[in-house]
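Please open the model in your viewer and follow the stops below in order, selecting each group of residues as it is named.

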Amino acid sequence: MGNNNSSASTPPDNDNDVKTQSNDDCDALNILCFGDSLTAGYLKKGSKHIPYSIALEGMLKENYGDTVKINVIESGVDGEIVMDTMHDRMSTWLQRRRFDIVVF
């Protein structure tokens, strides 16, 4: 999974570690960026990861400032095949958290 140093939330190492949403998150705009290596930000044959969730969160915060609390969570998995495991991962995320927007 894409681990990064951005303010975007990094995903758990496996989706069994997906935490149930806190009350603080209920008042926020919650966005899940979900997918494969492209979502994880796979670059340069895996030597670098720069998820698009970093840019997305930055643009949203730049446009909305402090008027809206924004939580962007990146859940991209390198090498994952769309239909093999993504369905189960998506189900886990959606059962444990509420998202206003899911980018897939």
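Predicted model: local features only at pLDDT ≥ 70, side-chain atom pairs only at ≥ 80, totals over all residues.

**Starting with the whole chain**

Residues are numbered from 1 along each chain as its sequence is written, and side-chain values use heavy atoms, with hydrogens and water left out.

Colour by secondary structure next: the chain has 4 helices and 5 strands, arranged along the sequence as α-β-α-β-β-α-β-α-β (DSSP runs numbered from the N terminus, helices being H or I of at least four residues and strands E of at least two).

**The aromatic pairs**

The whole structure holds 2 aromatic pairs (ring centres within 6.5 Å, with the six-membered ring used for Trp; planes under 30 degrees apart are stacked, over 60 edge-to-face, the rest tilted). Select Phe34 and Phe104, a stacked pair with 5.9 Å centre to centre and 20° between the planes. Phe34 lies in strand S1 (residues 29-35) and Phe104 in the segment after S5, so the pair ties together parts that are 70 residues apart in sequence. Phe34 is buried at 1% relative accessible area, whereas Phe104 is exposed at 62%.

Move on to Trp93 and Phe99, an edge-to-face pair with 6.1 Å between centres and 65° between the planes; Trp93 is buried at 3% relative accessibility, and Phe99 is buried at 13%.

Conventions. Buried < 20%, exposed > 50% of the residue type's maximum accessible area, 1.4 Å probe, protein only.
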